[in-house]
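This report is written for a reader meeting the structure for the first time.

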Amino acid sequence: MPLQLASTEITSRTAAIIQEMKGLEGPLLPILHGIQEEFGHVPQDALPVIAEALNISRAEVHGVVTFYHDYRSHPAGRHVLKVCQAEACQSMGSDTVAAKLKQLLGIGFHETTLDGAVTLEPVYCLGLCACAPAAMLDGQVIGRLDDEKLDEIVAEVRS
């Protein structure tokens with residue numbers, strides 16, 4: 001996929017996704033998921049198309065996109081690494097884990113490495129509290145993070 005799609009291509013592909021899903025009960029979230037799956041993020045050019053098709057304001061669509069942490073306004077890296085920042089993980093050292101990952105990767109939360117290898121994101125509970133601190137790499141949860149596991153994760157996303 002090219003780095004930047006033309007607005008007309010975004011509009012036409014968004015319209016096709018909307019057409020497929022607008023008959024669903026509460027179609028906004030499924031449409032946004034479909035668009036993010038298609039583009040790797042929810043492009044700004046898609047928002048007015050969604051708003052018009054669902055007869056809601058652009059502000060409402062924007063509000064939903066920015067409220068939910070899983071929607072992105074920019075494409076993610078090839079790998080997405082989410083580090084739990086909820087209370088159970090914090091009590092077991094997730095702040096230290098996050099700091100080490102930020103240092104090893106050279107990025108902060110909500111950032112992608114310059115080579116496009118990995119995007120680092122905070123997440124607030126992975127349901128792995130008994131194995132804290134925890135993270136999720138490309139949808140796979142990893143518990144009991146320690147220095148050795150962090151080094152393995154970084155090596156995997158860099159390869």
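## Glutamate 52

Glutamate 52 is exposed, with a relative accessible area of 70%. This residue lies in helix α3 of what is a predicted model. Its C-alpha atom is separated by 16 Å from that of leucine 24, a residue 28 places away along the chain.

## Helix α2 and glutamine 36

Helix α2 covers residues 28–39, and glutamine 36 is found in it. The end C-alpha atoms of α2 are 16 Å apart, which agrees with the 16 Å that its twelve residues should span at 1.5 Å a residue. Just after the helix, glycine 40 takes a positive phi of about 85°.

Which residues of α2 are buried? They are Leu28, Ile31, Leu32, Gly34, Ile35, Gln36 and Phe39. An α-helix has 3.6 residues a turn, so residues three or four places apart point the same way. The cover over the buried residues of α2 includes α1 (7–21), α3 (46–54) and α4 (58–67).

Glutamine 36 has a relative accessible area of 14%, and it counts as buried because that value is under 20%. Leaving aside residues up to four places away in sequence, glutamine 36 touches His41, Val42, Asp70, Tyr71 and Arg72. In the case of arginine 72, the backbone nitrogen lies 2.7 Å from a polar atom of the glutamine 36 side chain.

Five strands form an open sheet, in the order β2-β3-β1-β4-β5, with mixed pairing. The edge strands, each of which pairs on one side only, are β2 (111–112) and β5 (140–142). Strands of a sheet pair through backbone hydrogen bonds, either parallel or antiparallel.

Strand β1 (residues 79–84) pairs with strand β4 (residues 135–137) in the antiparallel sense, over three bridges. Lysine 82 has methionine 136 of β4 as its bridge partner. Helix α6 (residues 94–105) lies across β1 and β3 (118–123), and runs at about 150° to β1.

## Cysteines

How many disulfides does a search of the whole structure find? The search finds zero. A disulfide requires two cysteine sulfur atoms within 2.5 Å. The sulfur of cysteine 89 has its closest cysteine sulfur in cysteine 84, at 3.5 Å, and this is too far for a bond because the cut-off is 2.5 Å. For cysteine 131 the closest cysteine sulfur is in cysteine 129, at 9.4 Å, which is likewise too far for a bond.

Are cysteine 89 and cysteine 131 buried or exposed? Cysteine 89 is buried, with a relative accessible area of 2%. Cysteine 131 is buried as well, with a relative accessible area of 19%, and it falls in this class because the limit is under 20%.

## The chain as a whole

The protein chain has seven helices and five strands. Read from the N terminus, its elements run α-α-α-α-β-α-α-β-β-β-β-α. Its C-alpha atoms fill a box of roughly 50 × 30 × 20 Å, taken along the principal axes.

Of the 159 residues in the protein chain, 43% are buried. Among contacts between residues at least 6 apart in sequence, 58% join residues at least 24 apart.

Definitions and conventions: Residues are numbered from 1 along each chain as its sequence is written. This is a predicted model: local features need pLDDT of at least 70, side-chain atom pairs count only at pLDDT 80 or more; totals for chains, interfaces and linings use all residues. Side-chain values use heavy atoms; hydrogens and water are left out. Buried means under 20% relative accessible area, exposed over 50%, partly exposed in between (1.4 Å probe, protein chains only). Helices (H or I, at least four residues) and strands (E, at least two) are DSSP runs, numbered from the N terminus. A polar contact is a pair of N or O atoms within 3.5 Å; within protein, one must be able to donate a hydrogen and the other to accept it, and residues adjacent in sequence count only if both atoms are side-chain atoms. Contact means heavy atoms within 4.5 Å. The expected span of a helix is 1.5 Å times one less than its number of residues. Two strands pair if DSSP finds at least two bridges between them. Axes are lines fitted to C-alpha atoms, for helices over the stretch in contact, and angles run from 0 to 180 degrees between N-to-C directions.
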